[in-house]
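We will go from stop to stop.

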Amino acid sequence: MTGRTTGKAPLVVVGDALLDRDLSGSADRLAPDAPVPVVAECAERVRPGGAALAAYLAARDGRDVTLITGMGDDPAGRALRELLDPWLTMIPLPLTGTLPEKTRVLAQERPVVRLDRGGGRVREATDEARAALRSARAVLVSDYGRGAADALRDVLAERPPLVWDPHPRGGPPVPGTRLATPAEKEALGFAPRDGRPGGGLNAAAHNAAALVRDWRVAAVTVTLGSRGALLSYGEHPLLVPAPAAHHGDSCGAGDRFAATAAGLLADGALVGEAVEGAVGAATAFVAAGGAGALPPAEDGPEAAGPPDTDDPLALAARVRAQHGTVVAAGGCFDLLHAGHVGLLQAARRLGDCLVVCVNSDASVRRRKGDGRPVNPLADRVRVLRALACVDAVAVFDEDTPERLLGDLRPDVWVKGGDYAGADLPEAGLLQEWGGQAVLLPYLDGRSSTALMARAAEGVR
């Protein structure tokens with residue numbers, strides 16, 4: 001693999017690779033010889049699984065990734081090598097047996113049965129793997145219980161990893177690990193004898209705190225699926241809710257969570273920030289269809305387009321390349337209210353992505369006068385980015401967003417209905433590239449100015 005300079009920290013992933021296969025078809029009848037569905041016209045697709053999926057996702061994020069994993073010369077191993085070779089550097093560990101394979105049979109995109117074969121386990125560590133770990137700046141352990149982490153446990157203990165994603169068949173994280181990421185059922189199984197059963201937040205908080213103490217790690221986050229994740233440092237847990245509830249295919253969501261958290265920590269984020277980013281990434285991953293909906297790995301990085309990013313220009317370019325519709329909306333968004341939210345939700349429904357163009361603090365002052373904005377730019381951007389309907393935020397410092405729009409070239413430009421009866425200054429600009437400026441109605445009586453007036457009246 002050719003290294004890419006992206007400004008993101010490199011990552012070493014240690015763990016157990018799998019080869020995943022989906023056989024997808026349709027089922028509209030039962031077999032004549034048994035009461036089982038007949039899945040017809042199956043299309044086959046193979047992809048990285050286990051630690052290989054976590055490493056592949058980190059590489060798709062634009063990182064230089066090294067994967068240390070068990071690998072043999074069996075057909076499954078050769079197929080996985082071919083998938084991963086364009087994306088990352090692999091350091092193989094010798095296997096006893098063949099690479100594990102997991103095959104899902106799906107009908108109407110829903111799993112019907114899973115078939116497993118290949119019981120290979122890592123036999124021993126190698127000098128090359130030990131040297132790579134000792135020189136690594138950031139390490140993610142993706143332990144699927146097939147021996148890779150155990151074979152290198154002594155080296156991992158010397159420099160504890162940033163993230164350890166455990167498996168019931170594997171061992172505990174090494175003491176000093178910065179963040180361990182068990183799922184809810186895994187946390188209950190790992191917890192000491194006083195582990196608290198049940199699916200509520202109380203049980204998750206109790207088990208997470210117990211694991212912080214028992215494992216002697218800095219933090220444990222229990223992933224809760226569509227509810228988000230619960231982060232504990234030993235007491236007073238932090239709940240990070242999912243930005244939206246999605247009920248799509250969750251296959252690979254744990255690997256997406258761990259890869260994102262490890263990458264953010266490697267880039268210097270705090271643990272809480274990393275968990276928040278990982279929850280958002282895992283939620284979007286499930287919404288997009290999970291591991292089964294990933295672009296083909298064999299296409300390689302050159303065909304992948306820009307990595308997932310908050311960069312509005314890259315987002316707009318990617319959506320246009322996929323023949324989608326880019327929507328942009330603009331404003332100060334000083335005191336975000338129900339009128340703003342309704343406008344942005346309606347704007348997002350007009351296309352395939354929504355970029356919000358927001359005035360800088362200096363631009364707001366020129367438009368609104370001294371005393372505005374009430375909320376500084378960083379706060380306004382953070383609130384906007386937290387909305388599920390907003391895909392990216394772009395800032396402009398001029399009095400109007402015309403220069404920014406010229407760079408974005410959206411297909412649709414949205415303004416609130418309080419501009420009704422007036423000319424939209426951006427309408428002519430949009431016509432230059434075939435775009436359209438539209439007005440959407442605000443909720444009646446909602447405005448930042450009215451909110452400020454009511455607040456001031458309440459103080460008096």
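Start by selecting strand β7, residues 101-107: Glu101, Thr103, Val105 and Ala107 point one way, Lys102, Arg104 and Leu106 point the other way, and all are buried (under 20% relative accessible area with a 1.4 Å probe, protein chains only). In a regular strand, side chains alternate between the two faces of the sheet. Strands here are DSSP runs of E, at least two residues long, and helices are runs of H or I of at least four, numbered from the N terminus. This is a predicted model, where local features need pLDDT of at least 70 and side-chain atom pairs 80 or more, while totals for chains, interfaces and linings use all residues. Residues are numbered from 1 along each chain, and side-chain values use heavy atoms, without hydrogens and water.

Strand β2 (residues 17-26) runs parallel to β7 over 7 bridges (pairing takes at least two DSSP bridges), with Asp22 opposite Arg104. Strand β8 (residues 110-117) pairs with β7 in the antiparallel sense, also over 7 bridges, and there Arg104 has Arg114 as its bridge partner. Zoom in on the hairpin turn between β7 and β8: it has 2 residues, and Gln108 shows a positive phi of about 50°.

Last, select residues 334-347, which an unreviewed UniProt entry annotates as "domain: RNA polymerase sigma-70"; such annotations may be inferred rather than shown by experiment. This stretch is 71% helix and 0% strand, with its end C-alpha atoms 19 Å apart.

Terms used
Buried means under 20% relative accessible area, exposed over 50%, partly exposed in between (1.4 Å probe, protein chains only).
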